[in-house]
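Welcome! Let us walk through this structure together, one region at a time.

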Amino acid sequence: MLCLIGYLGFDTSGIAALLATFGVAIGLAVQGAFSNLAGGIMLIITRPFRVDDYIESSGVSGTVTDIHIIYTVILTPDNKEIMVPNGTLANANIINYSKMDLRRVDCTFSIAYNADFRKAQQLIYDVYAAHKLVLDDPAPMVRMKEHGESSINLTARCWVKNADYWTVFFDVTEQVKDAFDSNG
């Protein structure tokens, strides 16, 4: 049609510029939607997570409750539902805490410089050995991490089944405090 108008002798450069501008505006408007669509397709193909997995990505962490072609629904631990665009997820690092059967519990304990390091180390080992959810293989590890400004910091690690992570983390933290208090 534009060619016909030009053939009749009318100046079509203004109309062509208007159509080009309109095309660019539409392209920019749907760019995000196409990015999310492509991201959704990539997530469906690569499957970095599934429904019920606990993930962290793009500043959001929680349990995946639904995966749509345009967005993924994540439920946070404090019961907030967040809809994350799949384009964002496909272009970000994704930490999937549910993928593996076992998970390592890392704790840091501080003791005074005048405290008996070997005794503190043994007390932590004893707490791990007594906890029924801590796995024997791989074996727990307790080592001196650093000489801090006002304390010696110990790193303690053990392995647990994924579902037992938070139970062991809080139990060990509380039980080590009790063991330290009981043993001066």
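Two strands are said to pair if DSSP finds at least two bridges between them. Helices (H or I, at least four residues) and strands (E, at least two) are themselves DSSP runs, numbered from the N terminus. What you see is a predicted model, in which local features need pLDDT of at least 70 and side-chain atom pairs count only at pLDDT 80 or more, while totals for chains, interfaces and linings use all residues. Residues are numbered from 1 along each chain as its sequence is written, and side-chain values use heavy atoms, with hydrogens and water left out.

How many bridges join β1 to strand β2? There are four, and β1 runs antiparallel to β2, which spans residues 60-67. Across this pairing, Ser57 faces Val60 in β2. The two strands make a hairpin with two residues between them, and in its turn Ser58 has a positive phi of about 55°. Strand β1 also has an antiparallel partner in β5 (residues 95-96), with two bridges between them. Here Ile55 is opposite Asn96 of β5.

Now look at where the side chains of β1 point. Buried means under 20% relative accessible area, exposed means over 50%, and partly exposed lies in between (1.4 Å probe, protein chains only).

Stepping back, β1 belongs to an open sheet of five strands, in the order β4-β3-β2-β1-β5, with antiparallel pairing. Its edges are β4 (81-85) and β5, each of which pairs on one side only.

The loop between β3 and β4 deserves a visit of its own. Thr76 is found in this loop, and Thr76 counts as buried because its relative accessibility is 10%. The side chain of Thr76 makes a polar contact, at 2.4 Å, with the side chain of Asp78. A polar contact is a pair of N or O atoms within 3.5 Å; within protein, one must be able to donate a hydrogen and the other to accept it, and residues adjacent in sequence count only if both atoms are side-chain atoms. Contact in the plain sense means heavy atoms within 4.5 Å. Setting aside neighbours within four places in sequence, Thr76 is in contact with Ser61, Gly62 and Ile82. Asn79 sits in the loop between β3 (71-75) and β4 as well. Is Asn79 buried or exposed? Asn79 counts as exposed because its relative accessibility is 61%. Its phi is near 70°, a positive value in a residue other than glycine.

Let us move on to the other sheet. Three strands form this open sheet in the order β6-β8-β7, again with antiparallel pairing. The edge strands are β6 and β7, each pairing on one side only. On average, neighbouring strands here are turned by 25° against each other, direction ignored. Axes are lines fitted to C-alpha atoms, for helices over the stretch in contact, and angles run from 0 to 180 degrees between N-to-C directions. Strands β6 and β8 are joined by 10 bridges in the antiparallel sense, and the bridge partner of Arg104 in β8 is Trp159.

Two helices lie across these strands. Helix α4 lies across β6, β7 and β8, running at about 140° to β7. Helix α5 lies across β6 and β8, at about 25° to β6.

One last stop is Pro138, in the loop between α4 and β7 (141-147). A cis peptide bond joins Asp137 and Pro138, with omega about 0°.
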